[in-house]
Amino acid sequence: MAVVYRSWKALTQNAILTRSVSNSLRLYSQKPPAPVVPLVNVEVDDKSGVAVVTLNRPPVNSLNTPLLTELGAAIKNLEDNKSRGMILTSSSDTVFSAGLDILEMYNTPKDQLSAFWTTLQSTWLSLYRSSFPTVAAINGHSPAGGCLLALSCEYRVMVGPKFSIGLNETQLGIVAPPWFVICMRDVIGHRQTELALTTGRLFSAPEALKIGLIDSMVSNKAEAMAEAQKFITQFAKIPPLARKLTKESVRGEGIRYMEDNMIDDLQIFMDLVTQPKIQKGLEMYLATLKKK
Ligand SMILES: CCCCC/C=C\CCC/C=C/CC(=O)SCCNC(=O)CCNC(=O)[C@H](O)C(C)(C)COP(=O)(O)OP(=O)(O)OC[C@H]1O[C@@H](n2cnc3c(N)ncnc32)[C@H](O)[C@@H]1OP(=O)(O)O
């Protein structure tokens with residue numbers, strides 16, 4: 001028995017030695033690890049105290065769980081530091097955000113699907129009810145979840161005329177949840193929301209300006225940033241607590257909807273999105289995006 005034990009021990013020690021030598025050799029031959037690039041960049045201007053939060057998930061800033069988590073953490077950080085304001089924009093020249101990452105909803109294990117949706121819910125709520133002023137500087141296409149992010153800010157400046165924005169969910173065979181609808185309705189009104197959502201219409205920037213989906217159209221990102229700064233500057237003389245409570249009051253319906261219905265909303269999402277028919281629709285939509 002002792003012999004067996006000794007030889008087993010020798011064998012394992014030998015294996016450990018071999019493994020550590022080969023690991024070292026592998027380390028020498030490996031490239032240095034790629035730097036971890038944040039999915040959300042935050043830069044706070046020293047003078048104005050305004051934070052520029054830039055979505056940075058090429059190619060199209062589709063919103064997956066890690067990106068939404070980083071965005072939520074960035075907003076919490078600004079909240080904790082009593083930020084003067086936030087401008088949400090994109091590092092891409094052509095896309096603000098392509099909306100929810102369809103790969104997070106297609107063929108996804110239930111625990112991941114649930115984590116994805118709850119992260120979206122909580123990040124959305126923290127953006128929608130943030131105490132500081134928020135502006136979306138929409139410097140590219142902004143469909144579906146991208147439009148939701150923009151609608152959740154207090155002011156929208158969009159680079160035009162060639163980019164589009166809207167809630168196009170029905171075109172994909174999915175349904176914009178009630179809190180998406182509330183956001184849209186509060187910005188463009190009931191009638192326009194019904195027309196826009198039932199048809200899943202994407203609006204060009206001039207069309208969006210006409211129905212009030214965006215507040216302003218500019219011709220490049222620099223102009224968008226300047227106008228966003230200007231919007232935030234007007235709050236310098238407004239007492240922050242009065243501003244925050246007023247915003248919460250105006251946005252009360254959306255805030256209460258989410259606070260009271262988080263679990264039901266998750267359940268409805270899970271039931272709907274896991275249906276074979278919806279999964280097939282998402283598969284076909286992904287294929288058309290890839291074929292382009
Ligand atoms: C009543 C209760 C209801 C409960 C809830 C029920 C249902 C759930 C509701 C869920 C709500 C979802 C909202 C969403 O946000 S769904 C996402 C909708 N998004 C879109 O329709 C946009 C799709 N994308 C585009 O139209 C274009 O990509 C673009 C944004 C206009 C940019 O065009 P372009 O610059 O030409 O880039 P490409 O098209 O070539 O794309 C590059 C690359 O990225 C992939 N991709 C694009 N969008 C997405 C996406 N949203 N998710 C994942 N991947 C995306 C695209 O396939 C390309 O990939 P490859 O490079 O691999 O080919």
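Leu-88 stands opposite Ala-136 in strand β4, and the two strands concerned, β3 and β4, pair in the parallel sense over 3 bridges, where pairing requires that DSSP finds at least two bridges between the strands. Strands of a sheet pair through backbone hydrogen bonds, either parallel or antiparallel. The model is a predicted one, in which local features need pLDDT of at least 70 and side-chain atom pairs count only at pLDDT 80 or more, whereas totals for chains, interfaces and linings use all residues. Residues are numbered from 1 along each chain as its sequence is written.

On β4 itself, Thr-134, Ala-136 and Ile-138 point one way, while Val-135 and Ala-137 point the other way, and all are buried; a residue is buried if 20 or more other C-beta atoms, placed from the backbone, lie within 10 Å of its own, exposed if 12 or fewer do, and partly exposed in between. Because 5 of the 5 residues of β4 are buried, this strand is largely enclosed by the rest of the structure.

Helix α8 covers residues 221-233, and its 13 residues reach 18 Å from the first C-alpha to the last, close to the 18 Å expected at 1.5 Å a residue, the expected span being 1.5 Å times one less than the number of residues. The buried residues of α8 are Ala-224, Ala-228, Phe-231 and Ile-232. Seen down the axis of α8, these buried residues fall within an arc of 95°, so they line one face of the helix, the arc being that of the directions from the helix axis to the C-beta atoms. An α-helix has 3.6 residues a turn, so residues three or four places apart point the same way. The face of α8 turned away from the buried side carries the exposed residues Ala-222 and Ala-226. What covers the buried residues of α8 includes β2 (50-55), β3 (85-90), β4 (134-138), β6 (155-159) and β9 (216-218).

Strand β2 contains Leu-55, which counts as buried because it has 25 C-beta neighbours inside 10 Å. Leaving aside neighbours within four places in sequence, Leu-55 is in contact with Val-40, Asn-61, Ser-90, Ser-91 and Ser-97, a contact meaning that the C-beta atoms, placed from the backbone, lie within 7 Å. The C-alpha atoms of Leu-55 and Ser-92, which are 37 residues apart along the chain, are separated by 8.4 Å.

A further element is an open sheet of 3 strands in the order β5-β7-β8, with mixed pairing. Strands β5 (142-143) and β8 (203-204) stand at its edges, each with a single partner strand, so one side of each is left without a neighbour in the sheet. Strand β7 (residues 164-166) pairs with β8 in the antiparallel sense over 2 bridges, and the bridge partner of Ser-164 in β8 is Ser-204.

Around the ligand there are 28 residues, of which Gly-99, Leu-100, Ala-144, Gly-145 and Leu-289 come nearest; a residue is near a molecule if its C-beta atom, placed from the backbone, lies within 6 Å of it. Helices α10 (252-273) and α11 (276-291) each supply at least two residues of this shell, and the largest share, 4 residues, comes from α10.

Taken as a whole, the protein chain has 11 helices and 9 strands, these being DSSP runs numbered from the N terminus (helices H or I, at least four residues; strands E, at least two). Of its 292 residues, 38% count as buried.

Conventions: Two residues are in contact if their C-beta atoms, placed from the backbone, lie within 7 Å.
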